[in-house]
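Me: I would like to learn how to read a protein model. Please take the features one at a time.

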Amino acid sequence: MSVGGYPYSQVMQDAVNYAFAKGAVLVGAAGNNRREERFYPASYANVISVSGTQPDDEFSNWSSYGPAVDVSAPGSSVLTTNCFKCTYADHDSWGHHILISGTSFATPNVSGVLALIRARFPDATPQQVVNRLFNTVDDLGYPGWDNRYGRGRVNANRALGANVAGPVVSGGDGFEVNNSLGAAV
């Protein structure tokens, strides 16, 4: 879901829960507001909330973050098709392709990995699919869950069972030698 900015709604939470109970795994864009926030529908329970990363796995400075972020995915400088003839905002001749950024471009990466998991493990329940996604991410940022990367950046190879090495994790710096937010010096 590449929409958002709505307030919490119990009716929507109920709809999300119903869809999940019927087998749907929902994925939502965390937002592009450069701040810590709950962004709906991504922040509902039973929706995987996705923040954005740069091509080098750095957190994207435009991405929203916060306590509901579950995972991150590449969402910066994504080459995509573009309107050639658009009738809104006085744009009438854009090119065929464009580089664009946003959690709306990170979210389909997660959806694609989920589709691959479902294809590889067709008998898995929605919760097993979500758990597999969560358990095979590359942990970036602070060790474990953090409010920018969530559990980490999705890794399709590992989600499908490949044995691949994760990214090299920073050993910290002079001000944060243990690379731990809670014990930063």
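Me: How many helices and strands does the protein have?

Reply: Helices (H or I, at least four residues) and strands (E, at least two) are DSSP runs, numbered from the N terminus. The protein has four helices and five strands. Along the sequence they follow the pattern α-β-β-β-β-β-α-α-α. This is a predicted model: local features need pLDDT of at least 70, side-chain atom pairs count only at pLDDT 80 or more, and totals for chains, interfaces and linings use all residues. Residues are numbered from 1 along each chain as its sequence is written, and side-chain values use heavy atoms, with hydrogens and water left out.

Me: What share of the residues of the protein count as buried?

Reply: Buried means under 20% relative accessible area, exposed over 50%, and partly exposed in between (1.4 Å probe, protein chains only). Of the 185 residues, 37% count as buried. Accessible areas come from the Shrake-Rupley method with a 1.4 Å probe; for residues, only the protein chains shown count as cover. The accessible surface of the protein is about 10200 Å², and carbon and sulfur atoms own 55% of that.

Me: Which way do the residues of strand β1 point?

Reply: In a regular strand the side chains alternate between the two faces of the sheet. In β1 (residues 26-29), Leu-26 and Gly-28 point one way, while Val-27 and Ala-29 point the other way. All of these are buried.

Me: In which sense do β1 and β2 pair?

Reply: Two strands pair if DSSP finds at least two bridges between them. β1 and β2 (residues 47-53) pair in the parallel sense, over four bridges. Leu-26 stands opposite Val-47 in β2.

Me: Which residues touch the most other members of the largest nonpolar core?

Reply: In soluble globular proteins, nonpolar side chains tend to be buried together. A nonpolar core is a set of buried Ala, Val, Leu, Ile, Met, Phe, Trp, Tyr and Cys residues joined through side-chain atoms within 4.5 Å. The largest one here has 19 residues, and those touching the most other members are Ile-48, Val-50, Val-71, Val-110, Leu-114, Leu-133 and Val-154. The elements that give two or more residues to this core are β2, β3 (71-74), α2 and α3 (126-135). α2 gives the most, with five residues. A second, separate core has five residues, including Val-16, Leu-26, Tyr-40 and Tyr-44.

Me: Which residues does Ile-48 touch?

Reply: A contact means heavy atoms within 4.5 Å. Leaving out residues up to four places away in sequence, Ile-48 touches several residues, among them Leu-26, Val-71, Val-110, Leu-114 and Leu-133. For the whole protein, take the contacts with a separation of 6 or more: residues 24 or more positions apart account for 55% of them.

Me: Are Thr-103 and Leu-116 buried or partly exposed?

Reply: Thr-103 counts as buried because its relative accessibility is 1%. Leu-116 is partly exposed because its relative accessible area is 40%. Not counting residues up to four places away in sequence, Thr-103 touches residues including Ala-29, Val-50 and Trp-62, and Leu-116 touches Ala-156 and Leu-160.

Me: How many salt bridges are there?

Reply: Side chains of opposite charge can pair when their charged atoms come close. A salt bridge is a side-chain nitrogen of Lys or Arg within 4 Å of a carboxyl oxygen of Asp or Glu. By this rule the count is five. In one of them, the side chains of Arg-151 and Asp-70 meet at 3.2 Å, N to O. This pair links distant parts of the chain, 81 residues apart: Arg-151 is in the loop between α3 and α4 (156-159), and Asp-70 is in the loop between β2 and β3. Arg-151 counts as partly exposed at 32% relative accessibility, whereas Asp-70 is buried at 14%.

Me: Which residues are linked in a network of salt bridges?

Reply: Asp-57, Asp-138, Arg-153 and Arg-158 are linked in this way.
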